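The sequence and the model come first, and the reading of them follows.

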Amino acid sequence: MARLCDLRSDTVTRPTPAMRAAMAQAPLGDDVFADDPSVNALQEKVAALMGQEAALFMPSGTQSNLCAILSQCQRGDEYLVGQLAHTYRWEGGGAAVLGSVQPQPISHQADGTLALDDIVAAIKPDDAHFARTRLLALENTWSGKLLPFAYVQQATELARSHGLSRHLDGARLFNAAARQAALQGTDVYAEARAIARCFDSVSVCFSKGLGAPIGSALCGSHALIARAHRIRKMAGGGMRQAGMLAAAASYALDHHVARLADDHALALRLAQGLQGIAGLQVETPQTNIVFVDLEAAAKPKAAGLLPYLQQQGVLATGLYRLRFVTHLDLDVAAIDQVVETIQRYFQAS
Ligand SMILES: *Cc1c(COP(=O)(O)O)cnc(C)c1O
């Protein structure tokens, strides 16, 4: 039986033995009483890394984004957000359902950005007809794409000049930073901080490419984090001996950031391996996500690919546009196995 290659997401990783050891050794307390030393240490570490005053450990990125929006928007306010952004499309409408905060989606440009003109046009005048526009939410990386840093600076400055708060859904902020650092020959932590400092609130996930089992952090000013803390409690996110999880996140920040470049190299290797196969359109990835369009392949052939891959122990998501995500539980041999399996499928008539 071939090895299982799970490329559905970078969330599928298991904690490494060293991460488990860090978890097992973590000093613990009750974080609802704010006396879990491992949680407190993590929060200080993340805040410092992001160049923000404070941070709050969260069970998930969804809850982190929710707390960010609700701590910056009131009932009847709205936030500007990408049409396909996680904070609009993939979080059960939480800001609207739980906060009565209306999303104002904006179409993405091909590079993942929201056009500055579209942002300006979406900001409502102060008029009783309209919801009050309060917040701009960006996502970086978006769909595996790095938002150009100059754009991030312009968009967040534009929002600030219109009196809007700025939130970053940085579930994969360190993938963005790794790409930015590679392009500029700089340091990944410095790039993460440079991006984060453009925003009033920043959510980062530890459970994606960083390889921790659970957890995200929301970063921002002391005042913002105090509001978010209340909302997290209301949302059921007060955790007790959460230090075991915080220790995993802390370990990931120390040991799994520099290696994100390896995931990006694996994604590139996968894309290059697939680019030669007739019927596939493969976008060259910027980070750890590879999209493969099957439109040029015959329909029945395209529809059969995913079930075939599953039989062969290769897991991905999508239908006519497949998504493959690389992560720390994959290596060159796994990627080559995926390429060979797909080649075999398209070679067979
Ligand atoms: C995964 C993800 C989140 C949050 O995910 P959870 O599963 O709730 O931790 C938020 N934004 C983006 C872009 C994501 O990819």
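## Terms and basis

A residue is called buried when its relative accessible area is under 20%, exposed when it is over 50%, and partly exposed in between, with a 1.4 Å probe and protein chains only. By that scale Ser-143, with a relative accessible area of 29%, is partly exposed.

The model is predicted, so that local features need pLDDT of at least 70 and side-chain atom pairs count only at pLDDT 80 or more, while totals for chains, interfaces and linings use all residues. Residues are numbered from 1 along each chain as its sequence is written, and side-chain values use heavy atoms, with hydrogens and water left out.

## Nonpolar cores

In soluble globular proteins, nonpolar side chains tend to be buried together. A nonpolar core is here a set of buried Ala, Val, Leu, Ile, Met, Phe, Trp, Tyr and Cys residues joined through side-chain atoms within 4.5 Å. The largest such core has 57 residues, of which Val-46, Phe-57, Ile-119 and Phe-206 touch the most other members. Helix α11 (residues 243-255) gives this core its largest share, 7 residues; helices (H or I, at least four residues) and strands (E, at least two) are DSSP runs, numbered from the N terminus.

Once neighbours within four places in sequence are left aside, Val-46 is in contact with Ala-55, Val-204, Phe-206, Ala-217, Cys-219 and Leu-253, where contact means heavy atoms within 4.5 Å. A second, separate core holds 31 residues, among them Ala-297, Leu-305, Ala-316 and Tyr-345.

## Aromatic rings and charges over them

Rings of Phe, Tyr and Trp (its six-membered ring) are paired if their centres lie within 6.5 Å, and planes under 30 degrees apart count as stacked, over 60 as edge-to-face and the rest as tilted. The structure holds 4 aromatic pairs. One of them is edge-to-face and joins Phe-174 with Tyr-189, at 6.4 Å centre to centre and 70° between the planes. This pair links distant parts of the chain, since Phe-174 belongs to helix α8 (residues 173-184) and Tyr-189 to helix α9 (residues 188-196), 15 residues apart. Phe-174 counts as buried at 4% relative accessibility, whereas Tyr-189, at 22%, counts as partly exposed.

Tyr-345 and Phe-346 have ring centres 5.2 Å apart and planes at 85°, and therefore this pair is edge-to-face as well. Tyr-345 is buried, with a relative accessible area of 12%, and Phe-346 counts as buried at 17%; together with Tyr-308 the two form one aromatic cluster. The ring of Tyr-345 also has the charged end of Lys-301 over it, 4.7 Å from its centre, the criterion being NZ of Lys or CZ of Arg within 6 Å of the ring centre and within 35 degrees of the ring normal. The charged end of Arg-321 likewise sits over the ring of Phe-291, 4.2 Å from its centre.

## Cysteines

A disulfide is a pair of cysteine sulfur atoms within 2.5 Å, and a search of the whole structure finds 0 of them. For Cys-73 the nearest cysteine sulfur, that of Cys-67, is 13 Å away, and Cys-73 is buried, with a relative accessible area of 4%. Cys-198 counts as buried at 12% relative accessibility.

## Domains

The domain assignment gives domain 1 (17-255) and domain 2 (259-347), with bounds that come from an automatic or database domain assignment. Taken over C-alpha atoms, the centres of domain 1 and domain 2 are separated by 29 Å, and the contact takes 14 residues from domain 1 and 12 residues from domain 2.

Glu-340 is placed in helix α14 (residues 332-347) and counts as partly exposed at 45% relative accessibility. Glu-340 and Lys-45 lie 295 residues apart in sequence and 42 Å apart in space, C-alpha to C-alpha.

## Backbone

Most residues other than glycine have a negative phi, and most peptide bonds are trans. The peptide bond from Asn-140 to Thr-141 is cis, with omega near 0°, and Thr-141 lies in the loop between β5 (132-139) and α7 (149-161). Ser-143 is placed in the loop between β5 and α7 and has a positive phi, near 55°.

Ala-34 has a positive phi too, near 60°; this residue lies in the loop between α1 (17-25) and α2 (37-50) and counts as partly exposed at 49% relative accessibility.
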